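User: Please take me through this model by question and answer, with the cut-offs stated as they come up.

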Amino acid sequence: MLGGIDPIIIFSFPLKPKIPTLTAVPGLPTVVDTFLQESGLPIPIYLSKSLGIQIESENTAIDIDTEPKAKEDGGTPEVSQRGLNSVVTINFFVEKNSIILTVLLGLVDMAFSKLVSREYSVTYLNGPIVIFSGLLHGFTANQGSDDTLMRLSLQISKANQKTTEPDDTRFYLPRVTGATPILGGS
Amino acid sequence: MDWYNVFSKPEFEALGLVSNTYEVFLEGLGNKDILVTKGNTIAVQFEDEFLPLEFADRNPYQRGDYAVYVDEDENVWVGIEEDT
């Protein structure tokens, strides 16, 4: 939330090609062009009731792969873990005639077109649930026949967040050709 | 046959593990995961082939296109037929 009022989703799309430097005061350059090139143009959407949007539920899920390695003497096994995914799901409903619905659907489509190039990011702020520069993981929109609401489900992944990683343990092994490696020796 | 020196047998035994996966980059082949297990004997599982070290007193021990060899320094080599 901004100022603790409404949840907010921010879509960011890097700008291309390079834009000219903007000057607020003649002779004084700003850093706006650098910011927009690297962080992208932020497009905020306030999930406010006054705009016809109501958050129904939120949930966070983390998937972790845990691989224990047993020991011969039955001692404490060695454990290696790696994060598979961290996804926040936001379920909300929007009035069908809301302009925010149109904007949201358009931005999701735009992000979908940039999935491969990764030229987008999604930020979500709502109380304790905060995601900066997340990735779009899923989106569904269901329209009811007997009401004026459209139910949306947006999934944002934090899989691209920087984590502490162990040193690369993948060793490069050169090839030795021969009937046996000793006879070969090349 | 192309051979790759994957691990040291004494070092693996010193770990005290029942199994260990060696994540390696093999020249000419790329990233591979090699599972080494210890039961009655130490064995290498590579590309779905189970290769016990010095099985039936054969060193190298070959099964299909893959083989395993223990040299005099107790380094374990995994072999792959050149046309595989």
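Predicted model: local features only at pLDDT ≥ 70, side-chain atom pairs only at ≥ 80, totals over all residues.

Analyst: Residues are numbered from 1 along each chain as its sequence is written, chains are lettered from A and ligands numbered from 1 in the order in which they are written, and side-chain values use heavy atoms, with hydrogens and water left out.

User: What pattern of helices and strands does chain A follow along the sequence?
Analyst: The secondary structure of chain A comes to three helices and eleven strands. Read along the sequence, these elements of chain A give the pattern β-β-β-α-β-β-β-α-β-β-β-β-β-α.

User: Which strands stand at the edges of the seven-stranded sheet of chain A?
Analyst: Two strands pair if DSSP finds at least two bridges between them, and by this criterion seven strands of chain A form an open, antiparallel sheet in the order S4-S1-S7-S8-S9-S6-S5. One side of each edge strand is left without a neighbour in the sheet because each has a single partner strand, and these edge strands are S4 and S5 of chain A.

User: How many bridges join S5(A) to strand S6 of chain A?
Analyst: In general, strands of a sheet pair through backbone hydrogen bonds, either parallel or antiparallel. Within this pair, A:Glu67 has A:Ser80 in S6(A) as its bridge partner. S5(A) and strand S6 (residues 78–95) of chain A run antiparallel, and the number of bridges joining them is 16.

User: What angle does the direction of helix H2 of chain A make with that of S1(A)?
Analyst: Axes are lines fitted to C-alpha atoms, for helices over the stretch in contact, and angles run from 0 to 180 degrees between N-to-C directions; contact means heavy atoms within 4.5 Å. Helix H2 (residues 99–113) packs on the sheet, touching S1, S4, S5, S6, S8 and S9 of chain A, and its direction makes an angle with that of S1(A) of about 40°.

User: Is A:Tyr124 buried or exposed?
Analyst: A:Tyr124 has its place in strand S7 (residues 121–126) of chain A, and its contacts beyond four places in sequence include A:Ile8, A:Leu47, A:Ile90 and A:Ile156. Buried means under 20% relative accessible area, exposed over 50%, and partly exposed in between (1.4 Å probe, protein chains only). Because its relative accessibility is 0%, A:Tyr124 counts as buried.

User: With which side chains does the side chain of A:Tyr124 make polar contacts?
Analyst: A polar contact is a pair of N or O atoms within 3.5 Å; within protein, one must be able to donate a hydrogen and the other to accept it, and residues adjacent in sequence count only if both atoms are side-chain atoms. The side chain of A:Tyr124 makes one such contact at 2.2 Å, with that of A:Glu58, and another at 3.3 Å, with that of A:Asn126.

User: Is A:Ser48 buried or exposed?
Analyst: A:Ser48 lies in the loop between strand S4 (41–46) and strand S5 (53–69) of chain A. Beyond four places in sequence, A:Ser48 is in contact with A:Asp6 and A:Ile53. With a relative accessible area of 9%, A:Ser48 is buried.

User: Which strands make up the sheet that contains S10(A)?
Analyst: This sheet is open, and its pairing is mixed. Strand S10 (171–173) of chain A and strand S5 (49–52) of chain B stand at its edges, each with a single partner strand. Read in order, the five strands are S10(A)-S2(B)-S3(B)-S4(B)-S5(B).

User: Which peptide bond is cis, with omega near 10°?
Analyst: Most residues other than glycine have a negative phi, and most peptide bonds are trans. B:Pro60 lies in the loop between S5 and strand S6 (61–63) of chain B, and the cis bond runs from B:Asn59 to B:Pro60.

User: What is the phi of B:Glu74 near?
Analyst: B:Glu74 is found in the loop between strand S7 (66–70) and strand S8 (75–80) of chain B, and is partly exposed, with a relative accessible area of 35%. Its phi is a positive value in a residue other than glycine, near 65°.

How values were computed:
Helix = DSSP H or I, 4+ residues; strand = E, 2+ residues; numbered from the N terminus.
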